[in-house]
Amino acid sequence: MQLQEMAREYRSNTALLELRVKQLQTARRRAGQSEVKYRLKQRINCLQVMINENRKTAFVLEHYYDRGGDAHENRKAV
């Protein structure tokens, strides 16, 4: 598998994670108990971290061969 293919996979998985976050946000709005809302918020936060890591990894993979590869390590992924 080439780097561009891997980057596409990361982007695809990111989209799935974003969909799940939207589902959990809807469930959180509809939840009545504060404990349930709290647990859903914790799950959403964990998924947000995963989304950010996936975006960064995809960005690094897409630009690996641009000026040495590591030049983009600390740049913000869109």
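Me: Is T14 buried or exposed, and what is its relative accessible area?

Reply: Burial is read from relative accessible area: under 20% is buried, over 50% exposed, and in between partly exposed, with a 1.4 Å probe and protein chains only. T14 has a relative accessible area of 5%, so it counts as buried. A word on the source: this is a predicted model, where local features need pLDDT of at least 70, side-chain atom pairs count only at pLDDT 80 or more, and totals for chains, interfaces and linings use all residues. Residues are numbered from 1 along each chain as its sequence is written, and side-chain values use heavy atoms, with hydrogens and water left out.

Me: Thanks! Which residues is T14 in contact with, leaving aside its neighbours within four places in sequence?

Reply: A contact means heavy atoms within 4.5 Å. With those neighbours set aside, T14 meets I51, N54 and R55.

Me: Where is N54 found, and what does N54 touch?

Reply: Helices here are DSSP runs (H or I, at least four residues; strands are E, at least two), numbered from the N terminus. N54 sits in helix α2, residues 34-62, while T14 belongs to helix α1. Not counting residues up to four places away in sequence, N54 touches Y10, N13, T14 and L17. N54 is buried too, because its relative accessibility is 14%.

Me: How many helices and strands does the chain have?

Reply: The chain comes to 2 helices and 0 strands.

Me: At what angle do α1 and α2 pack, and how far apart are their axes?

Reply: In general, two packed helices are described by the angle between their axes and the distance between the axes. Axes are lines fitted to C-alpha atoms, for helices over the stretch in contact, and angles run from 0 to 180 degrees between N-to-C directions. Here α1 (residues 3-30) and α2 pack at about 160°, with axes 9 Å apart. The pair is therefore roughly antiparallel, a label for angles over 145 degrees. Of the residues in the contact of α1 with α2, 16 are nonpolar, 7 polar and 9 charged. Nonpolar covers Ala, Val, Leu, Ile, Met, Phe, Trp, Tyr, Cys and Pro; charged covers Asp, Glu, Lys and Arg; the others, Gly among them, are polar.

Me: Is K56 buried or partly exposed?

Reply: K56, also in helix α2, is partly exposed because its relative accessibility is 33%. K56 and R11 lie 45 residues apart in sequence and 9.9 Å apart in space, C-alpha to C-alpha.

Me: What share of the chain is buried?

Reply: Buried residues make up 23% of the 78 residues.

How values were computed
Angles under 35 degrees count as roughly parallel, over 145 as roughly antiparallel, 65 to 115 as roughly perpendicular and the rest as oblique.
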